[in-house]
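Me: I would like to learn how to read the packing in a protein model, taking one feature at a time. Could you take me through it as a tutorial?

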Amino acid sequence: MQYLSTRTPAHRVSLSTALQDGLAPDGGLYVPERFPTLGPEAFAGCTTIEAVAERLLRPFAEGDGLADVLPGICEAMFGFPVPLREIGRGTSVLELFHGPTAAFKDVGARFLADSLARLNEGAAQPLTILVATSGDTGAAVAAAFWKKPNVEVVVLYPKGKVSDRQEQQLTGWSDNVQTVAVRGVFDDCQTLVKEAFQDEAWQERLRLSSANSINIGRLLPQMTYYAYASLRHWRAHGTRPNVIVPSGNLGNGLACLYARECGLPIGEVVFATNENRPVTHYLETGEYEAFETQETLATAMDVGNPSNMERLRHHYSDSGGAEALHDAIGAERVTDEQIERHVRQGPEAWDTVWDPHTATAVEAREHLDPDDEHEWILVATAHPAKFPEVVEPLVGHAVDVPEPLAEVMARSHPVPEVDPTLSAVADVVFEDRRPDATEHA
């Protein structure tokens with residue numbers, strides 16, 4: 001299996017190279033050269049999510065040095081439950097928030113951390129993971145890579161644009177993890193990461209990689225959620241459920257499409273977005289346009305120029321572009337007012353407290369199927385305790401904080417704050433890498 005650049009398809013690399021480089025030299029994103037055919041019968045005897053993950057990912061590591069250690073990597077990805085909970089009206093919730101940072105990104109981050117630690121064992125220079133976050137990614141990456149040997153992490157997050165608890169998670173790390181607050185929005189942080197990969201000084205000083213969903217090592221393991229959930233549904237009901245994925249930078253939704261492309265029993269795939277509209281605008285007009293980021297209650301989805309749109313457009317460019325993509329996915333744009341309504345009504349209507357992001361999936365389900373004629377899986381991407389400012393006033397009571405989340409928050413400490421320029425970030429990052437630097441040690 002080779003991985004090609006979305007901008008130069010002739011440029012192809014191994015899985016290990018794609019994971020370590022993060023971004024192709026031309027600035028493109030790596031995608032698999034093909035998708036294996038893996039229908040439900042291919043997973044006979046796979047009853048645990050670890051077994052499903054190994055079977056699904058095996059073809060994607062074919063011919064690579066990681067293939068022999070894939071079972072161990074798949075074991076390291078989990079260690080916590082991924083429940084599919086039926087809540088009535090033909091609807092189930094895939095809960096992806098039971099990992100150490102209470103968000104769906106834990107699995108992909110742990111896959112990447114274990115893979116890169118193995119690949120860089122004994123390397124003369126540590127690998128530096130540069131990651132932009134709108135809230136959840138940075139915490140998941142920090143937790144996964146914390147104290148991993150020969151790997152360092154720099155997390156950029158938009159100051160004042162994440163919840164207080166998300167900020168406490170992002171600033172609760174030390175040792176090989178450095179967090180920097182950027183005076184801007186998520187798209188500024190994402191642009192800084194891409195600029196660093198193209199900057200000669202950064203390339204000379206550091207061995208760079210990324211753990212954002214621009215790295216194919218985030219998307220591949222996230223396919224396992226959808227493989228496991230759809231197989232459970234298929235085995236219990238004999239039908240293909242439709243899946244609604246809350247979407248910002250589109251990595252999680254794209255992982256669902258990848259799983260379906262491999263032959264998993266998944267019906268329609270719907271991206272639920274907040275008021276940021278690059279996806280819905282593209283599907284409606286056929287023209288891609290980046291928009292200024294709109295601040296919403298679903299902060300982790302506040303993305304005006306999602307990186308993974310490049311992958312989506314690449315995959316469907318040969319088969320009709322926007323029209324073909326329109327046939328492959330649906331997209332629903334959800335307002336803050338609708339988010340508030342579903343969070344408020346969740347305990348009575350669904351016996352569930354929703355976080356603001358999962359509430360977008362609930363609205364999409366209600367809008368698309370008010371008469372309960374179809375079977376749905378709603379993807380719950382984060383624990384509601386991460387957003388107390390939004391959730392608790394609407395449901396009228398405190399939400400218990402998961403213990404792993406509380407532990408990280410208790411370690412929170414001040415971090416550098418910079419303007420959204422690469423030189424400002426460099427002043428912090430390179431300062432900490434001088435031979436006599438002692439701060440953050």
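Predicted model: local features only at pLDDT ≥ 70, side-chain atom pairs only at ≥ 80, totals over all residues.

Me: Which residues of α4 and α5 make the contact?

Reply: From α4 the contact takes Lys 105, Asp 106, Ala 109, Arg 110, Leu 112, Ala 113 and Leu 116, and from α5 it takes Asp 136, Thr 137, Ala 140, Val 141, Ala 144 and Phe 145. Sorted by class, these residues are eight nonpolar, one polar and four charged. As for handedness, the crossing in which α4 passes α5 is right-handed.

Me: What, in general, describes two packed helices?

Reply: Two packed helices are described by the angle between their axes together with the distance between those axes. A second case here is the pair α9 and α10, whose axes come within 8 Å and cross at roughly 60°. That angle makes α9 oblique to α10, and the crossing of α9 and α10 is right-handed.

Me: Which residues of α9 and α10 meet, and how many of them are nonpolar, polar or charged?

Reply: On the α9 side they are Ile 216, Leu 219, Gln 222, Met 223, Tyr 225 and Tyr 226, and these meet Gly 251, Asn 252, Leu 254, Ala 255, Cys 256, Tyr 258 and Ala 259 of α10. The contact of α9 with α10 has ten nonpolar and three polar residues, and no charged ones.

Me: How many residues of helix α10 are buried?

Reply: Burial is judged by relative accessible area, with under 20% counting as buried. In helix α10 (residues 251-261), nine of the eleven residues are buried, and the helix is mostly covered. The buried residues are Gly 251, Asn 252, Gly 253, Leu 254, Ala 255, Cys 256, Leu 257, Tyr 258 and Ala 259. Just after α10, Gly 263 takes a positive phi of about 110°.

Me: Why is helix α18 described as largely enclosed by the rest of the structure?

Reply: Helix α18 (residues 422-431) is described in that way because seven of its ten residues are buried. Those buried residues are Leu 422, Ala 424, Val 425, Ala 426, Val 428, Val 429 and Phe 430. The elements they pack against are β7 (151-158), β8 (177-182), α7 (186-198), α8 (200-205) and β14 (417-418).

Me: What do His 233 and Ala 361 touch?

Reply: His 233, which lies in helix α9 (residues 216-237), is buried with a relative accessible area of 7%. When residues up to four places away in sequence are not counted, His 233 touches Gly 238, Thr 239, Pro 241 and Glu 375. Ala 361 lies in helix α15 (residues 356-368) and counts as buried at 0% relative accessibility. With residues up to four places away in sequence again not counted, Ala 361 touches Ile 244, Pro 246, Ala 272 and Leu 378. The C-alpha atoms of Ala 361 and Gly 248 are separated by 12 Å, although the two residues are 113 residues apart along the chain.

Me: What can be said of the protein as a whole?

Reply: The protein has 18 helices and 14 strands, and 59% of its 441 residues count as buried. Its radius of gyration is 20 Å, which agrees with the value near 22 Å that a compact globule of 441 residues would have. Along the principal axes, the C-alpha atoms fill a box of roughly 65 × 50 × 40 Å. Of the contacts between residues at least 6 apart in sequence, 75% join residues at least 24 apart.

Notes: Residues numbered from 1 in each chain as written. Heavy atoms only, no water. Left-handed = near helix turned anticlockwise from the far one by under 90°. Helix = DSSP H or I, 4+ residues; strand = E, 2+ residues; numbered from the N terminus. Contact = heavy atoms within 4.5 Å. Nonpolar A, V, L, I, M, F, W, Y, C, P; charged D, E, K, R; others polar. Buried < 20%, exposed > 50% of the residue type's maximum accessible area, 1.4 Å probe, protein only. Rg over C-alpha atoms; globule rule 2.2 N^0.38 Å. Axes fitted to C-alpha atoms, helices over the stretch in contact; angles between N-to-C directions. Parallel < 35°, antiparallel > 145°, perpendicular 65-115°, else oblique.
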